Amino acid sequence: MFDGKEGPAIQKAMDLLVRYGEALDAERLADTNNVAGTIGATMPFLRSYAAGEQGFDAVFSEFSLDSGEVLAIPPVKVFSSHLQQGFDPAHAEQQGIAPEVVKIYKKGGDYCAKLGVQPLNTCAPYLVGNLPVKGEICAWMESSAVIYINSVLGARTNAEGRESAGAAMLTGKIPYWGYHIDENRLGTHLIELDVDIDSVSEWGLLGYYIGEMVQEQVPVVNSTRQIGNLARLKHFGAAAASSGGVEMYHIVGLTPEAPTVEAAFGRNKPVATFRYGPAERKRIYQSLNSTANDTQVDFVMLGCPHYSIEQIWEAGRLLEGKHIHENSNLWIFTPRAIKQMADQNGLTKIIEDAGAFLMTDTCSALGRVLPKGVKVAAVDSAKQAHYLPAIMGIQAWFGTTADCVQAAVTGRWNGGLK
Ligand code: F3S
């Protein structure tokens with residue numbers, strides 16, 4: 001492949017991976033059959049490339065293969081999933097997206113199909129058909145997904161970029177380093193809990209605390225009492241990857257590489273021990289709410305990371321028979337495949353009857369899509385509370401899902417630490 005026997009696009013991909021591997025001091029390349037990346041062009045700076053004569057081949061060549069020359073891109077060699085995009089074509093009008101931009105999006109969908117990239121269009125591919133197993137070497141982008149598959153599933157990925165993921169799609173190779181290697185997956189910091197973590201928002205607070213404390217290291221949460229589930233661990237990891245750069249954690253008795261504290265640390269000794277108690281919980285809650293002071297809420301965003309079907313069902317129960325306040329909006333984000341299920345089982349109708357929207361493919365912070373004129377948002381995700389005010393210049397309240405739905409219905413924030 002490096003010598004160009006499989007054509008110029010694959011040669012460029014291999015050249016890029018070799019240069020990347022050398023920069024990382026990787027000992028070799030590994031085989032991968034599972035790539036999650038992005039080749040779309042929904043963000044404004046990419047659209048001009050996609051709109052040109054050579055279309056998406058120009059986007060792939062420039063932004064995935066580091067090639068100024070436009071190459072004919074062949075179909076992908078290994079199982080490849082598309083991550084989130086910049087907007088939801090089915091709700092383009094609400095998101096303020098012009099029809100010509102939707103046309104480019106549709107061209108991108110056709111391009112993905114031609115290459116064989118699966119249009120999961122979500123930051124949570126593990127919810128909809130891409131569920132790697134323990135030990136599987138993957139090449140995934142998206143921090144919340146990387147931490148989930150490393151820690152909860154025991155798969156092995158580093159946080160790849162658009163370039164390395166694109167090159168891996170064409171070659172089935174990725175530099176072998178970082179979290180592919182056993183010793184780098186061992187714990188570095190011990191976290192002791194003095195409070196119970198028993199809801200999605202509590203897991204979000206804990207994750208945000210841990211990310212702040214350990215930054216890019218590997219925390220080990222010493223507790224067999226906490227009950228995790230998909231939604232809780234999804235929020236927890238996304239939060240830890242936002243306040244810090246955590247890509248891998250262990251929870252003793254819960255995650256696959258941590259049957260005991262000893263197994264989680266292996267030959268490492270904890271470099272520090274942190275205790276998470278009521279004071280830490282309060283401090284994190286206050287810091288996540290530090291951008292907000294206006295209690296009039298004109299936008300509620302749920303679905304960061306994208307909601308599971310269980311979470312949509314819960315939101316539906318909270319919303320049933322209610323109506324969103326005339327001065328407010330509620331948008332819920334989920335993968336396309338889950339939206340289809342919600343369409344079929346009546347949940348979408350409950351949400352829409354309440355005056356809210358169930359959207360796919362993107363989210364407010366990443367796609368920069370908000371209802372017009374929004375000043376104050378409410379979210380149930382620590383990750384979204386971290387990014388939304390910074391990216392969009394608005395205020396954001398953080399609280400439970402119930403607090404958020406109530407804010408959408410009343411137009412007022414009435415949450416607080418219970
Ligand atoms: Fe997903 Fe957007 Fe959150 S892409 S993880 S919903 S910031």
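The buried residues of H16 are covered by elements that include strand E10 (299-302), helix H11 (309-319), strand E11 (330-334) and strand E13 (376-379), with contact taken as heavy atoms within 4.5 Å. Helices (H or I, at least four residues) and strands (E, at least two) are DSSP runs, numbered from the N terminus. Within H16 (residues 401-410), the buried positions are Thr 401, Asp 403, Cys 404, Val 405, Ala 407 and Ala 408; buried means under 20% relative accessible area (1.4 Å probe, protein chains only).

The model is predicted, so local features need pLDDT of at least 70 and side-chain atom pairs count only at pLDDT 80 or more, while totals for chains, interfaces and linings use all residues. Residues are numbered from 1 along each chain as its sequence is written, and side-chain values use heavy atoms, leaving out hydrogens and water.

Helix H7 (residues 200-214) packs against helix H10 (residues 278-288) at an angle of about 90°, their axes lying 9 Å apart. Axes are lines fitted to C-alpha atoms, for helices over the stretch in contact, and angles run from 0 to 180 degrees between N-to-C directions. H7 and H10 are therefore roughly perpendicular (65 to 115 degrees).

Definitions and conventions:
Parallel < 35°, antiparallel > 145°, perpendicular 65-115°, else oblique. Buried < 20%, exposed > 50% of the residue type's maximum accessible area, 1.4 Å probe, protein only.
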